[in-house]
Amino acid sequence: MSDSSSSSEESSRDSSVDTKEVDRKAVLEKYAGEVSVDALVEKIRRGDARKIMLMTGAGISCASGIPDFRTPGTGLYSQLERYALPYPEAIFDIDFFKDNPKPFCTLAKELFPGQFRPTKAHFFSSLLAKKGLLVRHYTQNIDNLERLAGVPGDLLVEAHGSFHDVHCTRCRSQFPIEWYREMVVSGEIPTCDRRVARRIDP
């Protein structure tokens, strides 16, 4: 009885997976001619796309000179040996930051806004906003290039924070970004004096 039940459950799971795969293929086939850049541009020109959401990551900033994360040899994670991290992602780990903020603050000095310019992808988002077509722009990037390109802050969701402003990791007090820049450029660890010394995180 247990063998039969197990077989039935496996069959059910397989059927579910197959159905999802069929559905995915059906969707791809249905919109096969509409997923190219030219097709999307035409859809916008015709007025068929009036509510557009963007989801972006490190790739859109590479043309600005900011490395992505995982490309072998050139990606950010392959350039972090000097920080003696337990694992590459630790440099962006909030728990690691609270114990040892120096690696992130050192990297922040190199990535601070002002050294890089927005790319065409950033300006595309800004253009959509000006046309009233952008509903929301979700970004994993902290480089602030969307804002520099003119994307309104109320349309941005910066999933990992950004260099637009900085807050204390404990009391959440906000601090001027220029003060934070001066601290990290001089090699100091920014701390909060609102209660006791707390580290400051963008």
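Colleague: What makes Arg82 count as exposed?

Modeller: Arg82 has a relative accessible area of 54%, and exposed is the word for residues over 50%, while buried means under 20% and partly exposed covers what lies in between, with a 1.4 Å probe and protein chains only. Because 54% is over the 50% cut-off, Arg82 is called exposed. This is a predicted model, in which local features need pLDDT of at least 70 and side-chain atom pairs count only at pLDDT 80 or more, whereas totals for chains, interfaces and linings use all residues. Residues are numbered from 1 along each chain as its sequence is written, and side-chain values use heavy atoms, with hydrogens and water left out.

Colleague: How do you know that Arg82 forms a salt bridge with Glu110?

Modeller: The closest N and O atoms of Arg82 and Glu110 are 3.0 Å apart, and a salt bridge is defined as a side-chain nitrogen of Lys or Arg within 4 Å of a carboxyl oxygen of Asp or Glu. The pair therefore meets the definition. Glu110, at 32% relative accessibility, counts as partly exposed. A search of the whole structure finds 4 salt bridges.

Colleague: Why is the contact between Glu158 and Arg147 called a salt bridge?

Modeller: The N to O distance for Glu158 and Arg147 is 3.0 Å, and the definition asks for a distance within 4 Å, so the name applies. Glu158 lies in strand β3 (residues 156-158) and Arg147 in helix α6, so this pair ties together parts that are 11 residues apart in sequence. Glu158 is buried, with a relative accessible area of 18%, whereas Arg147, at 23%, counts as partly exposed.

Colleague: Where do Arg181 and Glu178 lie?

Modeller: Arg181 and Glu178 both lie in helix α7 (residues 177-185), 3 residues apart, which is about one turn of the helix. Their closest N and O atoms are 3.4 Å apart, and they form a salt bridge. Arg181 is partly exposed at 26% relative accessible area, and Glu178 is partly exposed at 43%.

Colleague: What makes a stretch of the protein chain a helix or a strand?

Modeller: Helices are DSSP runs of H or I with at least four residues, and strands are runs of E with at least two, numbered from the N terminus. On that basis the protein chain comes to 7 helices and 7 strands, which follow the pattern α-α-β-α-α-α-β-α-β-β-β-α-β-β along the sequence. Of the 202 residues in the protein chain, 34% are buried.

Colleague: How many residues line the largest pocket, and which are the closest to its centre?

Modeller: The largest pocket holds about 590 Å³ of space. Of the 26 residues that line the largest pocket, Phe69, Phe92, Gln140, Ile142 and His160 are the closest to its centre. A pocket here is an open set of points on a 1 Å grid over the protein atoms alone, where a 1.4 Å probe fits, with protein on both sides within 12 Å along at least five of seven lines, and lining residues have an atom within 4 Å of a point. The volume is the space filled by probe spheres set on the points, which are joined across faces, edges and corners.

Colleague: Which residues line the second largest pocket?

Modeller: The lining is formed by Val41, Ile44, Arg45, Phe124, Leu127, Leu128, Lys131 and Leu133. The elements that give two or more residues to this lining are α2 and α5 (120-130), and the second largest pocket has a volume of about 170 Å³.
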